[in-house]
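I set out to record how the two chains meet and how one of them is divided. My entries follow in the order in which I looked things up.

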Amino acid sequence: MRAAAPGSIRRRLLLQLLGGAAVLSVLLYLSVRGVSRSAVEQTQDSILGAATIAVAEQLRGTDEGVDIDIPYTAFSMLGAVGQDRVFYRIIVDGADLTGYADLPAPDDAPPGLNPLFYSRPYQQALVRLAAVNRPVIAGGHTAQVQVIVGQTRSAQEAIVADMAWRAAALGLGFFALAALLAVLTTRSVVRPLDRLAGALGRRGPQDLRPVTQPVPVELAPLTAALNGFIARLSGALKRTETFIAEAAHHIRTPLATLRARAEIALRQTQDEATRASLREVIRAVDDSARAAGQLLEHAAVVYRSDQRAEAPLDLAALLRDIGQSYAPAADMADVALAVSVPDSAVMLTADRLLVETALRNLVDNAIKYSGPDGRVEMGLGVAQGRATIRIADRGRGLSGASLADLTGRFRRGRNVEDVVGSGLGLTIVQEVARAQRGRFTLRERDGGGSCAELTLPLD
Amino acid sequence: MRRTDLAAGLRRLCLALLAAAALARPAAALTLEEETLFPGTPGGPVLTVLSTTDTAIFQPLVVAFQARRPDITLRYQVAGSQEVFAAVHDGATEADLVISSAMDLQMKLANDGFAAPHHAAETAALPPWARWRDQLFAVAQEPVVLIVDRRALGGLAVPRTRAALTALLRDHPDKFRGRIGTYDPVRSGAGYLFATQDARQSDSFWRLAEVMGALAPRLYASSATMIADLRAGRLALAYNVLGSYAASSLPPAGDVQIIELQDFTHILLRTALIPRTAPTPDLAAAFLDFLLSNTGQQLMAQKAGLPAIDEAALAADQSLRPIRLDPGLLVYLDPLKRRRFLAEWSAALRQP
């Protein structure tokens, strides 16, 4: 059993069950011992009483006085249970007739014809005694005869001690059984909690599916509340992303109009100061449009991360397509774009839109940050069940910024003030890598430039 | 219960006979019949054994014990069972171990708290009927038998039960008149014990006593004298004799036959106890454990002629009944009970 933390349900339950079992075991021991002791005592007393009465029955009145023929069986039966010492005394009208004259007599008169039982120390032992009174007509008058028979109680003590051992063994056995049951009960009670906690603990950070684990009725309110919370959370997230997407969309359209107007105005005016202002406007508009576009992409990626449309995808073909689609942009920027992919298909199961968005962001970045006469290399390698897409440039590099620095939302490197960018590109790549259970790294290249690697698991 | 002839031969062999020593001891009520010193290492411890069994019978056991414990000097005292009882009861002996064939008296000593407890593997191995508490232990079991001189029967069938014996005596009074021997329960403690146990066991005892009474029986105080008279031809049969004495003093294939009656044959237990007043109870315990050990029991049967404690032998023969070591034995020691029994016995045996 695992060590229970303070305040653990498991420990509290176990301790309470064990405590209850211990109390019951002790009660069982005490009651069995008590009952057996009184039963043995009663049995011994009745044998002693029977022996005493058997002796008293043999009292005879004669002309000379009281006579008695002590029956052999009366004493013999006292030896039947165990080997105890036996004493007797017969008193006629206060004078000893026979027996042990110093054997203690009872303080009170025995009731009627029944024996009176009492215990006294005698001859270095505690002796149990029974006394009966019998009137005997002898020598013309009625004599009061008292018969006392006593017996040590070592056999009884032995039986009681034996019973006590048995009772103790019974109590211990009972406790051991109860402890075992307590452990099993605790386990079965805590198991659904463990299962629920385990299921929730294994979830990824993006996993906002409702909890469908079967749980006992007592836990149903908890899971219902949890599911309600999850639903509200994911609803809030979706609304946020939708808001961003719609906002970006609503911003992009007027920006496009603004840019077109600004370009027309630029063509129409000859005033250099006005033209410079207009170029600033166009540049600002481009910046905003790009930011809005990437916000939209980011929102789409985040949304699709939760609800991916997985399908077989040929990475090689995808890279070739992207290479072709970026060829004009590379030409315009005087950047050589080299695509080297295997001829054969590299198949994996993924959301094409997510992967394509990530790769476009990487290629776009590489072209953007390569100066004129730069060179961007796109490569695809397969090793150990993973496909690695490598996009390398000879641009300005990372200036020591770490990946974590660059993949935060709206974070940009310190050396890119002159280039249009929103700070969302690498964030999007990172989100995609996480959603596709892949890995994204970005490092400086030897000899300048940077190298981005997106590794995705193959089927 | 003496075997004076054997004991007389032994006396010459013994290194020291200290009969006179009794006089030199502090005033004691105990009168010894024999006292023999078996010396061990000089200056070693002294173990005193007070017994009703003749020295000659116990000598092989003492010698074997001293072979194991040569340091111990053993003083072996012999006295009658009543004297032994009185000495322990009144504190008039410094014996470390008391061995007696009077089961009832030994039982009374133990019951009245004069015996010290003793625990050992040897005593624990005794069958339950052969010990009482941890104080009284049987060292030998001796059947109480009928001895018949076949010459006296004159071709009549040897009786195997008390009923057959009664019928035999009743039908042929002339053959047995004045030639029946039995214990006198008035004088002999063993005779009293046998008679009371017989009476307790069966009514046939009283019929037998009445028939014997009509034939002028001779009453004895010891088995030895009874057997001697039987060998001498003065008796035709002896009833209630200790079988061990008979077996060792009769020729194995003579005309005298030892009979264990089949209706029941009592087994007397020769018992030992360590008095509370024993000066060296550990030596007594060592000797007692030796007597109860396998070696001791073998010597007891082979050299001393006293049958070893043997539960299997009793189980094999249903008619053998050991006299039980239980408080019932105290009953016949009650003075009123004794007076009543002896009166009844006399009435049956001494008919007008």
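I began with the salt bridges across the interface of chain A and chain B, and the rule finds three of them in this predicted model. I noted one pairing in particular: Asp69(A) with Lys337(B), whose closest N and O atoms are 2.4 Å apart. That distance falls within the 4 Å cut-off applied to a salt bridge.

I then turned to polar contacts across the interface of chain A and chain B, where I found 15 residue pairs, both members at pLDDT 80 or more. I asked which elements of chain A supply at least two residues each to the side that touches chain B. They are strand S2 (66–68), helix H2 (72–81), strand S3 (86–92) and strand S4 (95–99). H2(A) gives the most to this side, with four residues. By class, I recorded ten nonpolar, eight polar and four charged residues on the side of chain A that touches chain B.

Next I looked up the extent of the contact. It takes 22 residues from chain A and 25 residues from chain B. Chain A and chain B bury about 2,100 Å² between them, and 47% of that lies on carbon and sulfur atoms. Of the area that chain A buries against chain B, 38% comes from Tyr72(A), Gln83(A) and Arg85(A), more than from any other three residues.

Last, I checked the division of chain A.

Methods:
Residues are numbered from 1 along each chain as its sequence is written. Chains are lettered from A and ligands numbered from 1 in the order in which they are written. This is a predicted model: local features need pLDDT of at least 70, side-chain atom pairs count only at pLDDT 80 or more; totals for chains, interfaces and linings use all residues. Side-chain values use heavy atoms; hydrogens and water are left out. Contact means heavy atoms within 4.5 Å. Buried area is the accessible area (1.4 Å probe) that two parts lose on being put together, summed over both. A salt bridge is a side-chain nitrogen of Lys or Arg within 4 Å of a carboxyl oxygen of Asp or Glu. A polar contact is a pair of N or O atoms within 3.5 Å; within protein, one must be able to donate a hydrogen and the other to accept it, and residues adjacent in sequence count only if both atoms are side-chain atoms. Ala, Val, Leu, Ile, Met, Phe, Trp, Tyr, Cys and Pro count as nonpolar, Asp, Glu, Lys and Arg as charged, and the others, Gly among them, as polar.
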